[in-house]
Amino acid sequence: MLATSIGLILSWAGALMIIAVGCAYLARNEKNAAGFGLPTAPAQDARGWWQVKGIRDVVTGLLVIVFTFIALDYLGVLVLVLALIPLGDMVIVLTNRGSKAAAYGIHGATALALIVAAVLLFL
């Protein structure tokens, strides 16, 4: 029971944080490229790509919250699958000569936290 509670807390913390990140991308998306770990901000013409990231992040967080209430037994599986997103983001940052600190410290750490949360939810 303690492991499940910790897994839920980690899952919700991640969900709320990624919703906030998504909202930031939707609100001021062209200023967030460096925070993502990429070397430069996209041109104004590329705003739509950051809006896509913003909505992806918001929906990712909402999935965790919704699953908590309607499919708690499957939340661990969902969180484990969602860990692929920050892993993919880490690879994108690294393969585009972005910040290694951001790649590992933000995206890698997020993936690890999600994996830990999923494992705890499985217990």
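Where is the place of Trp-50?

**View 1. Trp-50 and its setting in the predicted model.** This is a predicted model, and Trp-50 lies in helix H3, which covers residues 47–70. Trp-50 is buried because its relative accessible area is 9%, under the 20% limit for burial. Arg-28 stands 22 residues away from Trp-50 along the chain. The C-alpha atoms of Trp-50 and Arg-28 are separated by 8.8 Å.

**View 2. The helices of the protein.** The protein contains six helices and zero strands. Read from the N terminus, the order of its elements is α-α-α-α-α-α. Among contacts with a separation of 6 or more, 69% join residues 24 or more positions apart.

**View 3. The largest nonpolar core.** In soluble globular proteins, nonpolar side chains tend to be buried together. The largest nonpolar core of this protein comprises 13 residues. Val-64, Leu-75 and Val-79 have the most contacts inside this core. Two or more residues of the core come from each of helix H1 (2–28), H3, helix H4 (75–82) and helix H6 (100–122).

**View 4. The surroundings of Leu-75.** Neighbours within four places in sequence are left aside here. Beyond them, Leu-75 is in contact with Leu-8, Val-64, Phe-67, Thr-68 and Leu-121. Of these partners, Val-64 is, like Leu-75, one of the residues with the most contacts inside the largest nonpolar core.

View 5. Of the 123 residues of the protein, 39% count as buried; Trp-50 is one of the buried residues. The protein exposes about 7100 Å², and carbon and sulfur atoms supply 74% of that area.

Terms used. Residues are numbered from 1 along each chain as its sequence is written. This is a predicted model: local features need pLDDT of at least 70, side-chain atom pairs count only at pLDDT 80 or more; totals for chains, interfaces and linings use all residues. Side-chain values use heavy atoms; hydrogens and water are left out. Helices (H or I, at least four residues) and strands (E, at least two) are DSSP runs, numbered from the N terminus. Buried means under 20% relative accessible area, exposed over 50%, partly exposed in between (1.4 Å probe, protein chains only). Contact means heavy atoms within 4.5 Å. Accessible areas come from the Shrake-Rupley method with a 1.4 Å probe; for residues, only the protein chains shown count as cover. A nonpolar core is a set of buried Ala, Val, Leu, Ile, Met, Phe, Trp, Tyr and Cys residues joined through side-chain atoms within 4.5 Å.
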